[in-house]
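Subject: Structure handover, aromatic contacts

Hello,

Here is the structure for your files. My notes on its aromatic rings follow below.

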Amino acid sequence: GIRPRRIMKMRAVSVALGASALFSADAFMTTPAALRPTLRAATRPVSFNGRVRSMPRAANLRMQEQGGKGVENEEENSGIRQLLGVKGGKQSTNKWAIRLQLTKPVTWVPLIWGVLCGAAAAGNYHSIWDGASFSEWSTDFSKAIVCMILSGPLLTGFTQTINDWYDRDIDAINEPNRPIPSGAISENEVITQIFVLLFGGLGVAYGLDVWAEHEWPVILTLAVFGSFISYIYSAPPLKLKQSWKGNYALGASYIALPWWCGQCLFNVDSFNPTVAVLTIFYSWAGLGIAIVNDFKSIEGDREMGLISLPVQFGIEKAKWICVASIDLTQIAVAGYLAYLGETTYAAVLTALILPQMYLQTQTILIDPVKNDVAYQAKAQPFLVFGILTTALACGHHTF
């Protein structure tokens, strides 16, 4: 077995690494309104036609200078949003920037976090703080980085690119400035990117199986399965995203698959049916997050005949389905952890659920269309730390 001291250190390292990755990206997930300079009001023309004329010349010059800086800052933030694939980013003619935008780097974070959770659940990650040799900790660290690249840039990049390809007609309505509907990148270039990311990801997955000396290519199998889900989520004739089933498939892919990948990479024997069921069940919380993303696209979805939950049930009912999916799932998981005797982890998870419920009353339960990004920026850190808490409980418990 693994020494308790070593387990505790591994957990601390997992939390530290994961938190730094999460909050670095989360800084860019704030609502677009928050990214605009607070001095924008000072640059309105009416200000200079009215009371500003009575101000001293120096004050006028300072306000105009601040206004100019505000425009520069807004343009810079628009460029960052473009690179991250966030709505509201500026258009670019740089093909590599466009290719990066198609992969939506801001969406890589949950998958990278999932790999960390899987490593924590495996209970077999070697680190320098555990007294591991240079060879042991550097090997495990390298494996983790490669697994994150697989889950994030490669396969999530594939998922986002193929989704944009099949959503090009909808994006022409909802987000006409996206690379494909705007014509910033050609169809052949998009198709090439899809295949490069897909086969690159499958190749890396097989390489990880060889590296981990798996008798069965479990990581490659997970990669193939996840890629298949990504395809039928976006592509006809199934196009799962046309109904709520697609939201669940997406949530499961973002929570369960990277967890399984990270856990099997570091300790394939620790993966068991109980963990599999628990992570799939936790994916109902992912369904709620996917519903949050659907609110902003309700008009385009309705026009294109896509039956998302907001379209099917209306905004009022859908927002309650959304919060119920997120909250009840986590409450059930906390109850299950308490049933297993992991009361400390159950208490921590409960403490992480409460802020989410409060933030829901302040954002999406008021106006889910307006506050969708604000809710995700503020509440998702608590959700993902809850997932890590569950993973640590799995690593601690003997099933």
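Tyrosine 336 has a relative accessible area of 30% and is partly exposed, whereas tyrosine 339 is exposed at 69%. The classes use relative accessible area: buried is under 20%, exposed over 50%, and partly exposed in between (1.4 Å probe, protein chains only). This is a predicted model, in which local features need pLDDT of at least 70 and side-chain atom pairs pLDDT 80 or more, while totals for chains, interfaces and linings use all residues. Residues are numbered from 1 along each chain as its sequence is written, and side-chain values use heavy atoms, without hydrogens and water.

The structure holds eight aromatic pairs. Rings of Phe, Tyr and Trp (its six-membered ring) pair if their centres lie within 6.5 Å; planes under 30 degrees apart are stacked, over 60 edge-to-face, the rest tilted.

One of the pairs joins tryptophan 113 and phenylalanine 385 edge-to-face, at 5.1 Å centre to centre and 75 degrees between the planes. Tryptophan 113 is in helix α6 (residues 108–122) and phenylalanine 385 in helix α17 (residues 368–396), so the pair ties together parts 272 residues apart in sequence. Helices are DSSP runs (H or I, at least four residues), numbered from the N terminus. Both residues of this pair, tryptophan 113 and phenylalanine 385, are buried.

Tyrosine 336 and tyrosine 339 form a stacked pair, 6.3 Å centre to centre with 25 degrees between the planes. Both lie in helix α15 (residues 309–339), three residues apart, about one turn of the helix.

Regards

Methods. Helix = DSSP H or I, 4+ residues; strand = E, 2+ residues; numbered from the N terminus.
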